Amino acid sequence: MKTPLTKRTTALFAGALLALLAGCGPSGERTQVRGTDAAAPPTGPRPISARGGLPGMPPVLDPGDVYAADRPGMLSPVVKGFPSRIYVPNTNSNTVSVIDPATYKVVETIPVGAQPQHVVPSWDLKTLWVNNNRGHTLTPIDPATGKAGRPVEVHDPYNLYFTPDGKYAVVMASLDRELVFRDPHTMETRYTEPVSCYGVNHADFSADGRYFIVSCEFSAELLKVDTQKMKVIGQQKLPFDGAMPQDVKLSPDGKTFYIADMMAHGVWVLDGEKFTEPKLMPTGKGAHGLYISRDSKEMYIPNRGEGSVSVFDFAEDRLTKKWRLPDGGSPDMGGVSADGEVLWLSGRYDAEVYAIDTRTGKQLARIPVGSGPHGLAVYPQPGRYSLGHTGVFR
């Protein structure tokens with residue numbers, strides 16, 4: 001149904017105003033290497049305001065696809081000068097291996113704090129934060145130069161996310177059993193939400209940004225959290241004895257959350273709005289990460305326990321392929337290259353990184369790195385702003 005011209009004009013004006021307001025938040029003292037307060041301006045189609053969306057969140061580009069800003073070539077002006085690199089946190093070596101994807105070679109090894117778990121792009125795209133879980137610090141890396149800055153003291157930073165409005169960083173304090181909302185620049189604590197579950201670790205936000213779903217690894221639970229109120233508003237136990245939920249990802253149409261489970265050996269399919277009991281979709285032994293293709297048509301699911309990657313087709317609503325790594329392996333966390341042609345995954349138990357062709361599933365390279373490689377970040381990637389983890393861009 002066509003919208004009358006007057007209403008359309010009003011909607012476009014509102015969308016433009018919201019986009020301006022999104023970049024006008026107060027700035028704080030910054031301790032990271034680089035930083036800005038505004039998300040990058042849209043590089044694709046004209047934004048459309050999300051009805052009832054989180055105030056201050058950049059308007060969505062396409063109401064039918066939350067990843068519309070992540071297409072090949074849609075690099076923000078903020079990151080266009082950054083060299084293409086793969087940043088690999090080696091949990092047992094206390095280092096970050098930096099790989100040049102053009103040569104498949106490690107070009108630098110950066111010493112960081114104890115037990116680095118993930119390399120996380122900041123909301124404004126200017127900084128990579130290394131989560132030193134047992135060192136209780138975040139190490140900032142400037143992706144323009146590859147140089148590490150002064151570590152910031154943050155207790156139990158297993159994982160790190162950013163609210164869609166850029167107002168807060170959210171530290172997943174796994175052992176502390178807390179969601180800690182912090183200033184996204186200084187990392188000073190603004191609010192702490194205690195949780196009753198064990199092992200908060202991964203999350204993703206709804207299309208309107210008003211809530212997010214969190215996995216609790218050690219108690220087999222899921223949380224639903226109100227973004228603005230910073231409060232847990234829902235909690236449920238997964239219907240599988242011994243479940244260990246991992247990565248969380250929203251479907252392109254914003255209707256479904258997927259949660260990888262390394263002990264249920266599959267992916268839970270959840271209606272986030274209703275927050276009813278999810279259904280299990282078996283994928284493979286040790287399902288761990290979830291990554292969306294650049295065209296938003298497929299989702300890649302590494303099965304860490306069997307050295308494979310399952311491919312889920314959103315339109316067909318089913319698994320369509322399974323790629324097996326030659327000589328096995330332990331594919332874990334990672335991301336998709338900026339052009340969408342390569343899936344990069346850490347080999348958690350094999351001190352290596354895998355590069356996989358997303359068109360054929362063929363292994364392109366196995367690259368030796370430090371011990372215990374975990375949440376690697378492919379950077380830069382397309383997108384206007386980052387929601388955190390190893391790179392969730394919108």
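This is a predicted model: local features need pLDDT of at least 70, side-chain atom pairs count only at pLDDT 80 or more; totals for chains, interfaces and linings use all residues.
K231 is partly exposed, with a relative accessible area of 37%. A search of the whole thing turns up 16 salt bridges, and here's a look at some of them.

**K231 and E193**
- K231 pairs up with E193 in a salt bridge, at 3.7 Å from N to O.
- K231 sits in strand β16 (residues 231-237) and E193 in strand β12 (residues 189-194), so this pair ties together parts that are 38 residues apart in sequence.

**E306 and K322**
- E306 and K322 also meet through their side chains, in a salt bridge of 2.8 Å from N to O.
- E306 is in the loop between β22 (298-303) and β23 (308-313), while K322 belongs to strand β24 (residues 318-324), so the pair links parts that are 16 residues apart in sequence.
- E306 comes out as partly exposed, at 26% relative accessibility.
- K322 is partly exposed too, with a value of 35%.

**D183, E188 and R190**
- Salt bridges with shared partners join D183, E188 and R190 into one network.
- Within it, D183 bridges to R190, and their closest N and O atoms are 3.6 Å apart.
- D183 is buried, at 12% relative accessible area, whereas R190 is partly exposed, at 45%.

Methods: Residues are numbered from 1 along each chain as its sequence is written. Side-chain values use heavy atoms; hydrogens and water are left out. A salt bridge is a side-chain nitrogen of Lys or Arg within 4 Å of a carboxyl oxygen of Asp or Glu. Buried means under 20% relative accessible area, exposed over 50%, partly exposed in between (1.4 Å probe, protein chains only). Helices (H or I, at least four residues) and strands (E, at least two) are DSSP runs, numbered from the N terminus.
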